[in-house]
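The sections below take up individual residues and the groups to which they belong.

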Amino acid sequence: MAILKLRRHTYFLDCDAVTVEQVSNGRFTVTLQGPDRTFQVIGGTQSGGSAREWFVYAPEILGDTYHPCTSMIAAIRAGLYV
């Protein structure tokens, strides 16, 4: 079980380890160990959208589509379970 801390909140994820790196404004690369998986999370106010517009982009899993979510942690969890 991995522990992820985002803005004073602690989240528990069903994987061995999680790494979140900011690539650019509103674009993050998430690497999971447990299920070995790497995907991108895009959205939020830094990317020019609203605070509730987040997307998961994992071309090797979802193809060339973006999966919509309502928060960054929901996008990370969606990337974990797709």
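## Aromatic pairs

Tyr66 has a relative accessibility of 43% and therefore counts as partly exposed. This value, like the others in this report, was computed from a predicted model. The ring of Tyr66 lies with its centre 4.6 Å from that of Tyr57, and the two planes meet at 20°, so the pair is stacked. Tyr57, for its part, counts as buried because its relative accessibility is 18%, and the limit for that class is under 20%.

The number of aromatic pairs comes to two. A pair of this kind is described by the distance of the ring centres and the angle of the planes. Phe28 and Trp54 form a tilted pair, with 6.3 Å from centre to centre and 35° between the planes. Phe28 belongs to strand β4 and Trp54 to strand β6, so this pair ties together parts that are 26 residues apart in sequence. Both Phe28 and Trp54 are buried.

## The largest nonpolar core

The largest nonpolar core comprises 20 residues, of which Leu13, Val18 and Val41 touch the most other members. Two or more residues each come from β1 (2–6), β4 (27–33), β5 (37–43), β6 (54–57) and α2 (72–81). Helix α2 makes the greatest contribution, with six residues.

Beyond the residues up to four places away in sequence, Leu13 touches Met1, Ala2, Leu4, Val18, Ile73, Ile76, Arg77 and Leu80.

## Ile76 and Met72 in helix α2

Ile76 lies in helix α2 and, at 0% relative accessibility, counts as buried. Apart from residues up to four places away in sequence, Ile76 touches Leu4, Leu13, Val20, Val30, Phe39 and Val41. Between Ile76 and Arg37, which are 39 residues apart along the chain, the C-alpha separation is 11 Å.

Met72 is also placed in helix α2. With a relative accessibility of 13%, Met72 counts as buried. The contacts of Met72, with residues up to four places away in sequence left out, are Leu6, Val20, Phe28, Val41 and Trp54. Met72 thus touches both Phe28 and Trp54, the two residues of the tilted pair. Leu6 is 66 residues from Met72 in sequence, yet their C-alpha atoms are 9.2 Å apart in space.

## The largest pocket

The volume of the largest pocket is about 410 Å³. Among its 17 lining residues, Leu6, Arg7, Ala51, Trp54 and Met72 are the closest to the centre. Strand β2 (9–13) and helix α2 each supply at least two residues of the lining.

By residue class, the lining consists of seven nonpolar, eight polar and two charged residues. Met72, one of the residues closest to the centre of this pocket, counts as buried at 13% relative accessibility. Arg7, also listed among those closest to the centre, counts as exposed at 75%.

Most residues other than glycine have a negative phi. Arg7 has a positive phi, near 45°, and is situated in the loop between β1 and β2. Arg8 is found in the loop between β1 and β2 as well, and its phi is likewise positive, at about 70°, although Arg8 is not a glycine.

Is Arg8 buried or exposed? At 86% relative accessibility, Arg8 counts as exposed, since the limit for that class is over 50%.

## The start of the chain

Met1 lies in the segment before β1. Because its relative accessibility is 65%, Met1 counts as exposed.

Which residues does Met1 contact when its neighbours within four places in sequence are left aside? They are Phe12, Leu13, Asp14, Cys15 and Asp16. Leu62 stands 61 residues from Met1 in sequence, and the distance between their C-alpha atoms is 24 Å.

Methods
Residues are numbered from 1 along each chain as its sequence is written. This is a predicted model: local features need pLDDT of at least 70, side-chain atom pairs count only at pLDDT 80 or more; totals for chains, interfaces and linings use all residues. Side-chain values use heavy atoms; hydrogens and water are left out. A nonpolar core is a set of buried Ala, Val, Leu, Ile, Met, Phe, Trp, Tyr and Cys residues joined through side-chain atoms within 4.5 Å. Buried means under 20% relative accessible area, exposed over 50%, partly exposed in between (1.4 Å probe, protein chains only). Helices (H or I, at least four residues) and strands (E, at least two) are DSSP runs, numbered from the N terminus. Contact means heavy atoms within 4.5 Å. On a 1 Å grid over the protein atoms alone, a cavity is a set of points where a 1.4 Å probe fits but cannot get out, and a pocket is an open set with protein on both sides within 12 Å along at least five of seven lines; lining residues have an atom within 4 Å of a point. Grid points are joined across faces, edges and corners, and a volume is the space filled by probe spheres set on the points. Ala, Val, Leu, Ile, Met, Phe, Trp, Tyr, Cys and Pro count as nonpolar, Asp, Glu, Lys and Arg as charged, and the others, Gly among them, as polar. Rings of Phe, Tyr and Trp (its six-membered ring) pair if their centres lie within 6.5 Å; planes under 30 degrees apart count as stacked, over 60 as edge-to-face and the rest as tilted.
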